[in-house]
Amino acid sequence: MAKCVLLQASPPRPPLLLSPRRLLPPPPTGNPFSLYAGDLHPSVNEIDLYIFFSAIGPLHSVHLCIDRFSHKSLRYAYINFYFPFNAADALCRLNHMELKGKSIRLMWCQRDPILRKTGIGNLFVKNLDLSIHETKLEEVFGIFGRILSCKIAKEGDGKSKGFGFVQFDSEDSALDALDVLNGCVLKGKILTVAKYLKKSERKKPQFTNVYVKNLDENFTESSLIEKFSTYGKVTSAVIMNDKEGKSKGFGFVNFESHDNAKIAIEALNGEVIGLKKLYVGKAMMKAARDSFLRRTHVQKTKPIITSNLYVRNLATSVNEKDLREVFGAFGCVVFTKVIRFSNGVSKGIASVCFSKPEDAMKAVKNLNGFCYHGKYMKVTVAMSREEYARRLQTLFPFTFFNKVRNLKPYLETNVQKDDDHQVNETKSSSCNGGFALQDPK
């Protein structure tokens, strides 16, 4: 494990940002030295975190969690101090401060998964003014008890989405805040405060607005109301027209109740009117509609049935005989091939062919992510170039690929770096791995 020595003097202590009267949550029993740091900028590394937190006090270690396959940051880390009072000081001073242009979220490291997963004391807050930040939200809710975590959801450019989450150290404090603050006005907006629910526990949102397309040009709004009124009371209906007043072939119908809108969709979707087949569905915003269409496309795509597998991230010592031995446990292997450089050294990728597709699927299920010869193998179904390109184009805009092509010569010429600046790629991908900067002795 690499160790770096910090030779320069530590930066000055930052000024106090919060009132000394602020109630800090007590540290978990048996672990008063460690903090969890979340919402990190993707480019933040362990050296950045060490320099940032060492302004408070001496650090024992810094662990930035990374993906074990891509080796990219998972954007959270664990900060371990030598002394408990330094950890508490850092939580008070550095919480919600910016690091590389992004505010970080600090809380005590909680090893007990029950408290993390049950959502005890967790509240959902929406209809926030876009100017409200985490410090202000914590100030408003902090009068009801100790806050473990406070977060406002943000766009990629850092702008608030208008909702957030506040977690208290007890359910009673959360209920008190819910009773008092739900419906209160903050910066001209009425707050909505509710218990946080997991996606599996949430009810599907109800709707009354219906989208209709493939309408004939002579189809009028009165005809639209007459057609849909059979299934419930229609409050409004509109057909979208172009600048010349001609119908664009689609429109919207709003019902008085959700049940009526649902019945109309089930009855009229696919019905032929004139020469066209109607499409009737839930009216959605553009972002939700794009996500829905993407999911629908993936569901309609037939799975690839093949006996060929593509294996990457292999150790250079692995040969064809090794592959045949490890993959042969799942069926009859008819062919193995390790791709090598001109000097005979393995490129870390290989092809494996089974006699039956079912055996290939078993191998993918069991060996993908399997640690072999000290490296985690990535095993996937082999695709043709045409199929691979087609799948990529369904996920990313075409312009993205043009930018990647332009960057390719630059990337190829900058792969090799000086040894002094290389990152240890064999470092463990779990949170137990990481490095610690040590003071010179």
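Modeller: A nonpolar core is a set of buried (under 20% relative accessible area, 1.4 Å probe, protein chains only) Ala, Val, Leu, Ile, Met, Phe, Trp, Tyr and Cys residues joined through side-chain atoms within 4.5 Å. Our model is predicted, so local features need pLDDT of at least 70 and side-chain atom pairs 80 or more, while totals for chains, interfaces and linings use all residues. Residues count from 1 along each chain as its sequence is written, and side-chain values use heavy atoms, without hydrogens or water.

Biologist: Which residues touch the most other members of the largest nonpolar core?

Modeller: Okay, that core has 23 residues. Helices (H or I, at least four residues) and strands (E, at least two) are DSSP runs, numbered from the N terminus; those giving the core two or more residues are β1 (34-38), α1 (46-53), β2 (59-66), β3 (73-81), α2 (84-94) and β6 (105-108). The members touching the most others are Leu35, Leu49, Phe53, Ile79 and Phe81.

Biologist: Leaving aside neighbours within four places in sequence, what is Phe53 in contact with?

Modeller: Contact here means heavy atoms within 4.5 Å. Skipping those sequence neighbours, Phe53 meets Ala37, Leu59, Ile79, Phe81, Ala90, Leu94, Ile104 and Leu106.

Biologist: Which strands stand at the edges of the sheet?

Modeller: Two strands pair if DSSP finds at least two bridges between them. The 4 strands make an open, antiparallel sheet ordered β2-β3-β1-β6. An edge strand has a single partner, so one side is left without a neighbour in the sheet, and that goes for β2 and β6.

Terms used. Buried means under 20% relative accessible area, exposed over 50%, partly exposed in between (1.4 Å probe, protein chains only).
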